Amino acid sequence: MRLPIIIILYLISCTIFCSAQPHPNKTKVLQEIESLIVADSLHRKYLQEQIKQLHQIINEEDEIGEVSYGIPVVPFNDTIFFVHHKEELSAYDRAHHIEDSIRFIVEHHLFLLDTVVITEFDDNYQLLFDGKIIHTIDSIDAKRMRSSRLKLARIRQKAINKTLHNQIYGQGKDAGIYALIGLVILFVLIFVINKVYKVLYEKVSHRKWLSYDWLKSISLFTEEDQVKLFRYLLLGVKYGLILMLIYLYLPIVGQFSPPLKDISNRLLSYVLSPINDIILSILVFLPNLMKIIITILFFVYLLKFIQLFADAVKEERIVINGFYPDWVPPTMKIIRFLLYTFMVIIIFPLLPGANSNEFKGISVFVGILLSIGSSTIITNWISGIVITYMRRFKIGDWVKAGDVIGEVVERSLFVTRLRSSKNEVITIPNSKISEAQTINYSQPIHKYKLIVHTSVTFGYEVPWRKVHQLLKEAAAKTNFLLKRDKTPFVLQKSLDDFYVTYQLNAYTRHPEKMFAIYSQLHQNIQDIFSREDIEVMSPHYRANREDNERTVPPSDQMLDDD
């Protein structure tokens with residue numbers, strides 16, 4: 001029974017060993033099996049253990065035969081060598097680690113100053129670059145590659161150095177080509193910018209641009225100032241474009257060189273990040289922007305509709321009882337101010353940064369300024385509204401406000417400006433006009449006519465009827481006084497101790513000629529009473545003269561030269 005079993009085992013082992021390559025352990029096991037053919041049954045247990053050992057060796061050999069090529073290390077396009085698994089580290093992980101290490105070196109080195117070196121550590125050889133381990137080779141790697149550890153380490157060192165050299169040299173060559181092309185483009189663009197600058201500079205120097213009407217209408221700068229301003233603007237644009245091109249040249253060219261990508265990305269981020277932030281802010285702000293545009297359009301067209309209605313009231317196509325046409329302009333100002341204020345209140349929270357501390361600080365600052373300095377402004381503004389709706393005067397009226405007499409040339413919500421008879425423009429705050437008594441000489445012209453009046457005193461010896469006649473004669477000779485529709489009249493105001501006070505009243509439609517009327521009227525009174533040898537009394541003058549002196553000049557001296 002033992003012999004068939006041994007023979008079967010022998011045949012199986014021979015078959016297996018014949019299919020495998022020669023190995024020292026195989027020969028040894030074969031010799032042991034042959035010895036077991038003639039051995040006693042006591043060796044059966046030993047035979048079984050040897051068979052078990054044989055299976056382990058066969059399995060190990062099968063495994064080495066299946067992965068003899070291992071996992072390829074391909075950091076770029078070509079395989080440089082194969083690796084196998086090592087203890088708990090799989091072959092795939094080892095290959096990926098080596099590939100990542102090689103790529104990292106290539107991406108962060110513009111020039112290959114160092115190379116991969118071999119160091120021995122315990123029973124292993126390590127491939128290092130700049131002190132960092134790329135690959136470790138032990139006895140198992142050497143056994144699987146049918147080589148010694150040192151020889152395998154040198155082979156893989158050479159392969160890695162060759163790959164690094166080819167890759168870094170290649171990408172440096174490509175980067176140089178791209179840099180040269182970019183430099184040529186940069187010089188071409190700078191050349192074009194200089195040409196355009198020269199053309200524009202010649203136009204500015206020969207003042208060709210200054211022939212445009214819109215430039216001639218600028219009165220802030222003289223012609224020489226405008227030429228200098230354009231020159232400085234052209235220089236600024238020229239050098240700004242050149243600096244921008246140079247700045248963009250470096251990061252753009254750096255994109256073609258992996259070691260320079262970090263620097264180029266950083267330089268580009270300085271330009272692109274603000275632009276990106278602005279674009280994102282605009283996109284985020286778009287909904288609020290649409291709300292703001294709709295709000296503005298609504299208030300603009302609302303004001304246009306109100307303006308149409310106001311124009312109809314002003315032209316008296318629409319009549320509102322108790323609302324006068326001259327109230328339309330100030331009322332529209334108030335409505336426009338209120339609507340715009342309400343519009344700003346609606347838009348303000350929609351503005352970007354409306355809730356930021358900066359906006360809040362500005363709002364507080366503006367509020368403080370308004371609270372400190374707006375008391376007088378608000379007082380004048382309210383007074384202007386009151387004056388407007390009280391209809392004290394309008395533009396073109398001759399008025400007396402306080403001690404000032406003049407024509408109203410401007411009326412706003414804050415001040416009123418009068419032009420006196422001496423062509424002096426006097427600005428009066430509306431609060432002062434509101435507090436003072438205002439006399440309007442122009443308002444009653446169309447219905448009642450303005451009455452100019454002057455007082456003259458005569459002694460009791462002069463008949464009052466004669467005084468009335470002479471005073472009316474003086475008014476009849478005065479220009480701009482009415483003689484037919486409204487005849488002058490005389491009032492006797494008082495009977496004093498030594499004289500009678502007479503008041504001459506006459507009508508006129510020209511209050512703006514009031515000072516000229518008074519002057520001519522007084523001249524006529526002096527002439528006429530001098531002609532009649534009637535003395536104009538003055539109590540102070542009478543008290544300081546002798547009784548035998550007369551104050552009436554000879555009538556021939558009162559006549560005009562012509």
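This is a predicted model: local features need pLDDT of at least 70, side-chain atom pairs count only at pLDDT 80 or more; totals for chains, interfaces and linings use all residues.
**Cores, a surface patch and salt bridges**

Biologist: Which helix is Leu-183 in?

Modeller: Leu-183 sits in helix 6, which covers residues 149-205.

Biologist: What does Leu-183 form with Leu-180 and Phe-187 on the surface?

Modeller: A nonpolar patch. Its members are Leu-180, Leu-183, Val-184, Phe-187, Val-188, Phe-191, Val-192 and Val-196, and together they have about 730 Å² of accessible area.

Biologist: Now Phe-299. Buried or exposed?

Modeller: Phe-299 is buried, because its relative accessible area is 3%, and the cut-off for buried is under 20%. Phe-299 belongs to helix 9, residues 261-314.

Biologist: What does Phe-299 touch, not counting residues up to four places away in sequence?

Modeller: Leu-339, Phe-342, Met-343 and Ile-346. Take Phe-342: it is 43 residues from Phe-299 along the chain, and their C-alpha atoms are separated by 9.4 Å.

Biologist: On to the inside. How many residues are in the largest nonpolar core?

Modeller: That core has 25 residues. Those with the most contacts inside it are Phe-458, Val-467, Leu-471, Tyr-502, Leu-504, Ile-525 and Phe-529.

Biologist: Which elements give two or more residues to this core?

Modeller: Strand 11 (450-458), helix 13 (464-476), strand 13 (500-508) and helix 14 (514-531). Helix 14 gives the most, with six residues.

Biologist: And what is Phe-529 in contact with, leaving aside its neighbours within four places in sequence?

Modeller: Phe-529 contacts Phe-458, Val-467, Leu-470, Leu-471 and Ile-534. There is also a second, separate core of 23 residues, which includes Val-106, Tyr-125, Phe-129 and Ala-153.

Biologist: Back to helix 13. Which of its residues are buried?

Modeller: Val-467, His-468, Leu-470, Leu-471, Ala-474 and Ala-475. The cover over the buried residues of helix 13 includes strand 11, strand 12 (489-495), strand 13 and helix 14.

Biologist: How far apart are the end C-alpha atoms of helix 13?

Modeller: They are 18 Å apart. Helix 13 has 13 residues, so at 1.5 Å a residue it should span 18 Å, and the two values agree.

Biologist: Charges next. How many salt bridges does the structure hold?

Modeller: Nine. One of them joins the side chains of Lys-477 and Glu-473, at 3.8 Å from N to O. Lys-477 counts as partly exposed because its relative accessibility is 46%, and Glu-473 is partly exposed too, at 23%.

Biologist: What meets Arg-531 in a salt bridge?

Modeller: Glu-532, with 3.1 Å from N to O. Arg-531 is partly exposed at 40% relative accessibility, and Glu-532 is partly exposed with a relative accessible area of 29%.

Biologist: Which residues are linked in a network of salt bridges?

Modeller: Lys-466, Glu-473, Lys-477, Arg-531 and Glu-532.

Terms used. Residues are numbered from 1 along each chain as its sequence is written. Side-chain values use heavy atoms; hydrogens and water are left out. A nonpolar core is a set of buried Ala, Val, Leu, Ile, Met, Phe, Trp, Tyr and Cys residues joined through side-chain atoms within 4.5 Å. Buried means under 20% relative accessible area, exposed over 50%, partly exposed in between (1.4 Å probe, protein chains only). Helices (H or I, at least four residues) and strands (E, at least two) are DSSP runs, numbered from the N terminus. Contact means heavy atoms within 4.5 Å. Patches are made of residues with over 30% relative accessible area and no salt bridge: like charges are joined within 9 Å, nonpolar side chains (Val, Leu, Ile, Met, Phe, Trp, Tyr) within 5 Å. Accessible areas come from the Shrake-Rupley method with a 1.4 Å probe; for residues, only the protein chains shown count as cover. A salt bridge is a side-chain nitrogen of Lys or Arg within 4 Å of a carboxyl oxygen of Asp or Glu. The expected span of a helix is 1.5 Å times one less than its number of residues.
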